[in-house]
Amino acid sequence: MKSTVALAALVGVQTVSALSVPTNVRNFYNRVKPSTCTGTEKLKGGFYDQDDGSAQWSYCRKAFPASGKHAIYLHGPSTKLANMDIDCDGDLSNPVDGRCGNSDDTQGETRWKTEVQAASNKKIKDLNANIHPYVVFGNERDDGGATFDPRSVGIKPLSVMAVVCGDKMFYGVWGDTNGDDGPPLVGEASLSLATACFGTSMNGNNGHDTADVLYIAFPGDDAVPGSSANWGASNFQQFEDSITTLGNNLVARLS
């Protein structure tokens, strides 16, 4: 089921359809939020959700015997999940409203730029944070800080991920990784995805600080939309619609 939200951008009003959180996904959220990620479920710890925070966040894995599948998610101390910092990396040659202009930490390309060009048959040169809902997932660095490569547990570049924010759910793709310009952080998404979740107060330097967002990644080649995604979309909703059927199939595993 979808609910419709009107986002008043500087260039006008864009209507975004949020998915209601399915019962099995809500049950998963309620099950993992108060749980401790330990043992074989804890893939790697030592991450931060804020620059001045503590290294208590982990990449976790949960198995689902009924489907024979598993999913990867982020979890912090106690009942904390992850926050949502704003990523404005990639192709910003066609900005929607200038909110990424506030960012003091913007890179000119995303981690999977080459894969984006291949998937889109070179219709676009990179992801656009104003248009494409993508998640920053995984940590790469050369300075000895904590690292984690989701590919090591079967997550594929540009695979579809589910994001639960409050009473809404959206799909995005794994589009970027965290680098070494600060502590090893987790909990970040493109401006367009953050705006869909939390409104137009989101900008390059203002995200959602509460650690209540659930990011879910799915292993396997069947989680990658490839050329079926509308990479050349002109707005968030067009791209979101193109990956929704695949996303629905993936979250059905969470039971």
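Contact, in what follows, means heavy atoms within 4.5 Å. Good morning, colleagues. The model on the screen is a predicted one, in which local features need pLDDT of at least 70 and side-chain atom pairs count only at pLDDT 80 or more, whereas totals for chains, interfaces and linings use all residues. Residues are numbered from 1 along each chain as its sequence is written, and side-chain values use heavy atoms, with hydrogens and water left out.

I begin with Ser58. This residue belongs to strand S4, residues 57-64; strands (E, at least two residues) and helices (H or I, at least four) are DSSP runs, numbered from the N terminus. Leaving aside residues up to four places away in sequence, Ser58 touches Cys37, Lys42, Lys44, Gly45, Tyr73, Leu74 and His75. Its relative accessible area is 6%, so Ser58 is buried. Buried means under 20% relative accessible area, exposed over 50%, and partly exposed in between, with a 1.4 Å probe and protein chains only.

Next, Asp87, which lies in strand S6, residues 82-87.

Asp87 does have polar partners. Its side chain makes a polar contact with the side chain of Tyr134, at 2.4 Å, and a polar atom of the Asp87 side chain lies 3.1 Å from the backbone nitrogen of Asp89. A polar contact is a pair of N or O atoms within 3.5 Å; within protein, one must be able to donate a hydrogen and the other to accept it, and residues adjacent in sequence count only if both atoms are side-chain atoms. Beyond four places in sequence, the residues that Asp87 touches include Val136, Asp176, Glu188 and Leu191.

Leu191 brings us to helix H3, residues 191-198, where seven of the eight residues are buried. These are Leu191, Ser192, Leu193, Ala194, Thr195, Ala196 and Cys197. Just after H3, Gly199 adopts a positive phi of about 95°.

I turn now to the salt bridges, of which the structure holds seven. One of them joins the side chains of Lys113 and Glu109 (3.6 Å, N to O). Lys113 is partly exposed at 27% relative accessible area, and Glu109 is partly exposed at 46%.

A further salt bridge pairs Arg253 with Asp222 (2.7 Å, N to O). Why does this pair tie together parts that are 31 residues apart in sequence? Arg253 lies in the segment after H4 and Asp222 in the loop between S11 and H4, so the pair spans that separation. Arg253 counts as buried at 9% relative accessibility, whereas Asp222 counts as partly exposed at 42%.

The side chains of Asp221 and Lys156 also meet in a salt bridge (3.8 Å, N to O). This pair links distant parts of the chain, 65 residues apart: Asp221 is in the loop between strand S11 (208-217) and helix H4 (236-251), and Lys156 is in the loop between strand S7 (134-139) and strand S8 (160-165). Asp221 counts as exposed at 60% relative accessibility, while Lys156 is partly exposed at 31%.

Thank you for your attention.

Note on methods:
A salt bridge is a side-chain nitrogen of Lys or Arg within 4 Å of a carboxyl oxygen of Asp or Glu.
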